[in-house]
Amino acid sequence: MELSRTMKRTGAAALLLGALLPAACAPPTGAARPGAAPGPAATREEQFVDSLLSQMTLEEKAGQLNMSPGRWSNTGPAAPVGGEDQIRRGEIGSFLGVWGAQVTHDLQRIAVEQSRLHIPLLFSFDVIHGYRTIFPVPLAEASSWDPELAGRAARVAAVEAAAGGVQWTFAPMVDIARDPRWGRIVEGSGEDPFLGSALAAARVRGFQGTDLADSLTVAATLKHFAAYGAVEAGRDYNTVDMSERRLRDVYLPPFHAGVCVGAESVMPSFNEISGVPSHANHHLITDILRNEWGFDGVVVSDYTGIMELLHHGIAADSAEAARLALHAGVDVDMVSRIYLDFLPELVRQGRVPQSELDDAVRRVLRMKYDLGLFQDPYRYSSVAREQALELTPEHRAVARRMADESMVLLRNQGATLPLDRGSVHTLAVIGPLADDQPSSLGSWAGAGRPEDAVTVLAGLRKAVAPGTTVLYEKGVPDVLSTDSSGFAAAVAAAQKADAVVLVVGETAAMTGEATSRATIDLPGVQLQLAKAVIATGKPVVTVLMNGRPLTVDWLAEHSPALLESWFLGVETGNAVADVLFGQVNPSGKLPVTFPRVTGQIPIYYAHKNTGRPPQADQHYTSKYLDVPWTPLYPFGYGLSYTTFSYGAPRLSSATIGPDDTLRVAVDVTNTGQRAGTEVVQLYLRDLVGSVTRPVEQLRGFQRVELQPGQTKTVTFSLDRNDLAFYGLDMKRVAEPGWFTVSTGGSSADVKSVNFQLTTPDGQAVAVPEGCEGRS
Amino acid sequence: MRGWTKLPLVLLVAAPPAGCAAAPPFPAPAPTRAPDTRLEARVDSVLALMTLQEKAGQLSITGGRPDLDSLVVSGALGGTNGVLPGKDVARYTQRMQRLAMRSRLRIPLTFMGDVIHGFRTTLPVPLAMAATWDTALVRRAEHMSAVEAAAAGVNWTFAPMLDVARDPRWGRVVESPGEDPFLGAAMARAEVTGFQGDSLGDPTSLAATAKHFAGYGAVEAGRDYNTVDVSERRFREVYLPTFHAAVDTGVATIMAAFTALDGVPATADPALLRGILRSEWGFGGVVVSDYDAIPELIDHRVAADTADAVALAMNAGVDVDLHSMSYWRYLPGLVREGRVGEDRVDEAVRRVLRMKFRLGLFDDPFRHTDPAHAAAVTLTPATRAVAREVARASMVLLKNQGDVLPLRKDVGTLAVLGPLADDSVEVLGPVHAQGVPRDTKTILQGIRERVAPGTRVLYAPGAGIDDTATAGFAGAVRLAGRADAAVVVLGERGMMSGEASSRSRLDLPGVQRELLAAILRTGTPTVVVLVNGRPLAIPWVAEHAPAILEAWLPGTEAGSAVADVLFGDYNPSGRLTASFPRDVGQIPIYYGHLSTGRPAVATDRYTSKYLDVPNSPLYPFGYGLSYTTYSFSNVRLSRERIAPGDSLTATVTVTNTGKRAGEEVVQMYVRDEVASIARPVRELRGFRKIALQPGESKDVSFRITPADLGFYGADMNWVVEPGWFTVFIGGDSNAREHARFLLGGGT
């Protein structure tokens with residue numbers, strides 16, 4: 001109603017047309033998806049956008065591309081000082097980090113009622129792993145190998161965020177990361193492009209739903225495009241350098257997968273690749289993303305990413321930075337204010353083509369249209385709805401299930417776990433993270449509140465049998481402290497207990513952006529604390545809380561049980577208790593390799609064979625003098641309270657042609673005493689290629705639930721898309737020859753069989769990059 | 001003039017450049033060799049006599065196998081390797097050459113080996129030699145190696161190793177010139193000239209091999225032989241210039257690297273070997289595989305079998321098969337099957353024959369060698385003097401708090417401690433050819449010889465290099481306590497660096513740090529002498545030891561050279577050629593990094609940093625102290641504005657502000673302030689080692705040419721872009737004195 005009145009007042013026919021038509025027919029979400037033919041709705045959208053564009057001044061256009069930062073006021077997130085006037089002047093197209101139904105509603109009203117063209121604002125926010133109901137950090141969710149559930153988690157986050165006035169999230173982060181020094185490894189899905197692609201697609205679908213105009217969906221952003229995870233020395237924001245083949249084979253697939261399922265936006269990365277900063281990388285954004293992949297959504301800069309072109313030393317001044325970024329294909333300027341200040345003049349001077357500006361504005365307006373904002377700009381900003389949908393029991397239940405699935409059991413000597421609830425009369429809970437609510441949430445916890453988090457201590461207190469005494473000692477004041485004066489009390493508590501839960505690791509603040517670590521061991525004196533506690537000889541379960549692989553070789557050898565819990569979100573303690581007491585049989589598998597020492601980095605399962613693959617008895621092979629070449633824990637690794645055995649993989653055919661589908665069947669048996677879920681993994685190896693190929697590459701996985709003694713046959717399908725790679729001439733091809741298919745419960749524990757790809761002329765077959773065959 | 005006329009005006013605001021003509025970085029004058037028609041005729045005349053099988057034999061080198069004699073006689077070999085360790089090389093080469101003279105065509109053999117840092121007189125390891133920053137000295141040193149080796153009949157060395165290396169975990173960093181392509185290129189020219197002299201025909205010359213072509217230094221995780229993946233721009237700007245310099249200097253041969261870059265093993269990379277090396281650079285010499293690298297194409301999984309590997313290697317441009325004898329076995333068949341062209345084989349054989357003619361082997365297969373002559377020129381006082389001169393010039397004084405150094409010769413009682421103090425084996429380093437421990441003057445010996453008559457020298461090792469026993473601590477600590485000063489010699493075994501010697505940790509092995517801590521607790525003024533083959537991460541030592549001398553692996557004259565420096569007979573002048581990290585987790589760390597979009601600012605969390613370690617290295621590239629001090633002032637430029645294609649001169653005044661004569665390495669770095677491609681924060685573009693008396697000042701000038709200012713642009717053409725450049729001149733890569741100039745006008 002508000003909008004209708006406004007429109008009558010302005011009499012803007014085009015706006016009216018655009019505002020009313022979508023209400024009369026299905027909103028055109030997904031109309032401009034790659035491969036979709038433009039239908040009448042799309043045409044209507046185009047007409048609307050063009051008409052609006054034709055009324056805009058250069059300044060108003062630049063305003064639409066300007067994303068303004070929010071600020072924190074006494075009452076919560078708010079517009080920056082003077083922001084309201086900027087909205088009136090049409091200088092702001094979107095806000096970053098302003099959320100909440102009331103404040104977004106109030107700001108939207110200014111835009112819609114008081115700006116010349118009444119164009120509604122977009123509200124964006126880093127909803128990374130939950131909005132108010134905080135889920136496990138993305139790396140943890142990836143450990144579930146359950147994209148469907150990760151998608152549901154994103155769905156819940158979208159519902160809460162949308163109810164909080166947010167339409168646009170800067171997630172999922174889909175950077176492949178093979179360097180645990182890098183703090184942002186916590187935000188991604190680990191080291192593997194196949195697993196990463198599955199999770200990228202699932203999360204985009206979760207955030208965006210099937211209908212972007214649905215007021216409980218948000219636009220997703222694939223970030224950071226591209227190769228941010230390969231920063232040198234694991235130092236955040238640092239240089240990236242790699243071949244285009246590696247870029248395309250390893251770092252780009254999750255982005256392409258996200259584009260294929262319709263991600264609305266993409267964010268370029270802070271880093272440069274081969275000297276070209278992504279915010280000025282025309283090849284990456286325009287050639288690959290838009291032209292090759294057909295992406296037609298919004299490219300939004302990272303925070304001050306355009307201004308930083310000056311620091312990169314490729315722009316002499318802000319105007320040049322604006323020109324370079326816009327030309328490369330960056331539509332929206334997050335926070336730099338450079339587009340707003342310089343683009344109009346650059347266009348007038350002829351240094352920037354008007355068409356480049358118009359194209360960018362068109363994409364922003366289209367996104368607003370697709371989100372239904374021209375239909376009802378307040379649809380996301382209902383206070384009543386916000387209260388009803390935040391942190392509901394249903395949302396917590398999803399978070400708990402996600403957390404249950406995210407933990408990885410690394411070690412369980414003598415079946416230390418699960419603890420027998422009935423026989424643990426005294427339980428000692430020790431460690432600086434045992435009762436840490438902020439760390440339980442993990443980094444980038446959206447609108448999450450520490451007080452919502454159930455800590456490990458709280459969860460265990462609830463879960464123990466009535467009458468069980470729970471002793472709690474921090475042991476050290478905090479994870480970084482070198483004060484060991486609390487050891488004695490911790491050891492004393494352990495000695496009194498029937499079982500000990502030792503919670504050590506990193507704080508959430510040590511992970512995420514700008515939190516690279518050169519050493520990735522347990523900080524402070526936590527290892528010494530662990531040694532003292534484990535020396536009591538009690539059954540000690542070490543629960544790790546951390547956002548990256550850690551070098552925990554001592555614990556791996558000495559802690560009776562070791563559970564990787566990452567940062568599990570609001571349901572941390574409940575989920576940990578579920579696993580420790582056996583309510584849930586752990587099923588998580590590592591999505592990233594754990595090194596033995598920092599000096600092994602980068603270490604990842606899909607490495608090349610090299611010309612001198614390591615052999616223990618051959619000095620002149622690829623090894624270190626001082627540490628084995630193997631990781632501490634390999635990719636795909638994770639134990640269960642039961643055991644699984646695998647048959648050899650069986651193939652539907654020993655030879656396939658380029659158009660054939662190969663079916664792989666493998667029998668998996670639960671050989672233990674408990675029901676459990678196993679993540680069955682399929683790896684592929686191209687035995688001889690025109691370029692060197694990884695020793696194995698994940699090409700399939702399934703979670704399979706098995707009762708004790710039960711056997712299931714798990715089947716996978718492979719086709720040429722699974723065999724393809726960028727060959728010598730940088731064309732994506734599948735080459736004839738022998739391949740090895742391996743199946744098993746981790747990348748280092750598989751059984752294998754070979755098959756052959758034959759082609760009619762014996763030549764490689766082209767397998768163009770497409771959305772077919774993608775998750 | 002590099003296509004300057006095509007530069008559009010818009011370049012003045014740093015727009016992407018239009019195509020500028022390609023020019024290499026750091027170009028050296030190309031050797032202008034007119035085709036030698038007489039030589040070509042002789043080559044052709046031999047080739048015409050050869051069967052296909054004999055051709056394959058000329059392309060094969062092997063050694064160390066029981067049937068070697070019969071292989072030689074049957075013409076299956078063009079040369080033998082493995083002629084060095086533990087052999088009487090002079091007799092061996094004579095005998096083998098006589099066998100070759102019994103083969104059907106009596107084509108003489110080449111004899112090659114790894115003369116890396118000396119033959120019998122062992123020089124410091126190459127990383128140390130580079131630390132001299134003294135190309136004339138390095139040239140003399142390599143010439144000395146060549147004289148010794150050639151006298152024993154060796155005519156081909158697999159050196160210099162020119163892999164720029166930015167990962168000290170990699171063991172072969174010890175063989176490299178360090179992290180910088182410009183310094184590496186200078187060393188390449190010095191070493192090639194040193195080995196090859198003015199002419200290969202000189203009987204004291206060796207054919208040199210620039211290895212490992214290319215990118216081997218970038219092995220992932222610093223693990224030897226591992227995967228390499230860098231962009232073409234980085235490859236050309238960082239990893240290729242040393243090789244280009246060697247080619248321009250006339251290096252006779254190139255060895256392909258073991259590694260695969262971007263998925264393509266160098267041994268099977270026609271774009272590298274035929275494209276860049278031969279077409280772009282005009283290299284006409286021999287390309288040799290690394291040891292067994294041709295069958296290793298099977299392990300790389302780009303070849304299905306050995307025949308496949310041979311076809312790939314030969315077609316890619318590998319002329320000679322080192323060790324595997326796969327060419328001998330498979331080439332004739334592959335030619336008959338049409339999988340390898342005979343013209344390709346002929347081309348390779350021609351290159352080998354041409355080199356043999358140039359070496360004079362067809363004129364005298366024995367190159368005037370005889371065992372008596374060999375004995376006369378080997379391990380002489382003169383060669384030892386060269387080794388000593390290089391060794392002391394390579395040592396880098398890392399710390400000298402309170403002027404602990406130089407020590408007085410009449411110090412009273414001096415404790416010489418540590419597992420490497422009296423070592424004669426490890427100091428020779430890896431791959432020490434004919435060097436033998438009994439020739440070594442240990443550091444303890446060197447010190448004993450140097451102290452004043454009344455000075456007592458006490459010795460205890462304290463601990464082993466890499467064992468965990470601390471039983472010896474007490475003895476060492478007791479001696480330290482009784483002494484007026486202590487010299488503690490710590491470090492790595494010689495074989496902890498070199499091939500297949502990667503380390504995941506860069507600390508002092510074993511309990512050496514604990515030993516040092518115990519010694520330091522005595523309060524006796526202590527000097528740490530480090531013996532090692534790579535940058536170490538030793539922040540504790542750096543903080544607690546009053547004085548630290550990086551001696552590297554100094555070779556035969558270790559003791560004399562260390563004594564020269566410790567007692568002030570030589571004022572240390574070595575400068576690091578590779579950054580020393582504080583922690584393994586900082587790797588790769590190098591001075592010529594890019595600025596990034598968020599360069600580190602202490603007060604801004606969201607900049608490129610670690611939570612737990614500073615960004616800066618422990619010791620930066622170019623760093624090294626002296627017993628005197630130097631000041632740099634008044635950096636001035638001959639012009640502050642230059643037109644495209646112009647050169648200019650940068651001058652600095654350097655003053656010895658201390659009390660001793662000394663040598664300083666004056667270093668010039670250039671920064672392109674704004675470019676179409678992000679450029680390093682600074683790049684070395686000039687250096688000169690100068691001597692200064694106390695109080696003396698000298699002006700040092702460097703010419704800056706367009707070649708110093710360019711880079712590979714957006715389209716991978718070599719470009720020089722207009723705009724501001726900053727020139728820094730000083731004593732290390734943190735040099736602060738600077739001046740700016742503008743290229744191409746504008747504002």
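First, ground rules. Since this is a predicted model, local features need pLDDT of at least 70 and side-chain atom pairs count only at pLDDT 80 or more, while totals for chains, interfaces and linings use all residues. Residues are numbered from 1 along each chain as its sequence is written, and chains are lettered from A and ligands numbered from 1 in the order in which they are written.

Chain A to begin. Its secondary structure comes to 24 helices and 30 strands. Those are DSSP runs, numbered from the N terminus: H or I over at least four residues for helices, E over at least two for strands. The C-alpha trace spans about 80 × 70 × 50 Å along its principal axes. How does the radius of gyration of chain A agree with that of a compact globule? For 775 residues such a globule would have a value near 28 Å, and chain A has 27 Å, so the two agree. The radius is taken over C-alpha atoms, and the globule rule is 2.2 Å times the number of residues to the power 0.38.

Burial next. In chain A, 64% of the 775 residues count as buried. Buried means 20 or more other C-beta atoms within 10 Å of the residue's own, exposed means 12 or fewer, and partly exposed is in between, with C-beta atoms placed from the backbone. Contacts: two residues touch if their C-beta atoms, placed from the backbone, lie within 7 Å. Among chain A contacts between residues at least 6 apart in sequence, 78% join residues at least 24 apart.

Now the interface. 67 residues of chain B are in contact with 66 residues of chain A. On the chain B side, the elements giving two or more residues are α8 (232–239), β8 (264–265) and α11 (296–299). That side divides into 29 nonpolar, 17 polar and 21 charged residues. Nonpolar here is Ala, Val, Leu, Ile, Met, Phe, Trp, Tyr, Cys and Pro; charged is Asp, Glu, Lys and Arg; the others, Gly among them, are polar.

One residue to look at is A:Asp236. It sits in the loop between β7 (221–225) and α10 (244–251) of chain A. A:Asp236 is buried, with 25 other C-beta atoms within 10 Å. Leaving out residues up to four places away in sequence, A:Asp236 touches several residues of chain A, including A:Trp182, A:Arg184 and A:Glu513, and also B:Ser608. Its C-alpha lies 9.5 Å from that of A:Arg517, 281 residues apart along the chain.

Staying in chain A, take helix α13 (residues 318–328). Eight of its eleven residues are buried, so the helix is largely enclosed by the rest of the structure. Those buried residues pack against α12 (282–292), α14 (338–349) and α15 (354–370) of chain A. A:Gly329 follows α13(A), with a positive phi near 125°.

Over to chain B. The axes of α12 (residues 306–316) and α13 (residues 326–337) of chain B come within 9 Å and cross at roughly 85°. That makes α12(B) roughly perpendicular to α13(B). Their contact has nine nonpolar residues, two polar and no charged.

Then α14 (residues 342–358) of chain B. This helix has 17 residues and reaches 24 Å from first C-alpha to last, close to the 24 Å expected at 1.5 Å a residue. The buried residues of α14(B) pack against α1 (37–47), α2 (52–58), β3, β9 (286–288) and α13 of chain B. Just after α14(B), B:Gly360 takes a positive phi of about 80°.

Last, the backbone exceptions. Most residues other than glycine have a negative phi, and most peptide bonds are trans. A cis bond joins A:Lys223 and A:His224, with omega about 0°; A:His224 lies in strand β7 of chain A. Another cis bond joins B:Ala159 and B:Pro160, with omega about 5°.

Which value does phi take at A:Leu391? It is near 50°, positive in a residue other than glycine. A:Leu391 is buried, with 20 other C-beta atoms within 10 Å. In chain B, phi of B:Leu379 is also positive, near 50°. B:Leu379 lies in the loop between α15 and α16 (381–394) of chain B.

How values were computed
Axes are lines fitted to C-alpha atoms, for helices over the stretch in contact, and angles run from 0 to 180 degrees between N-to-C directions. Angles under 35 degrees count as roughly parallel, over 145 as roughly antiparallel, 65 to 115 as roughly perpendicular and the rest as oblique. The expected span of a helix is 1.5 Å times one less than its number of residues.
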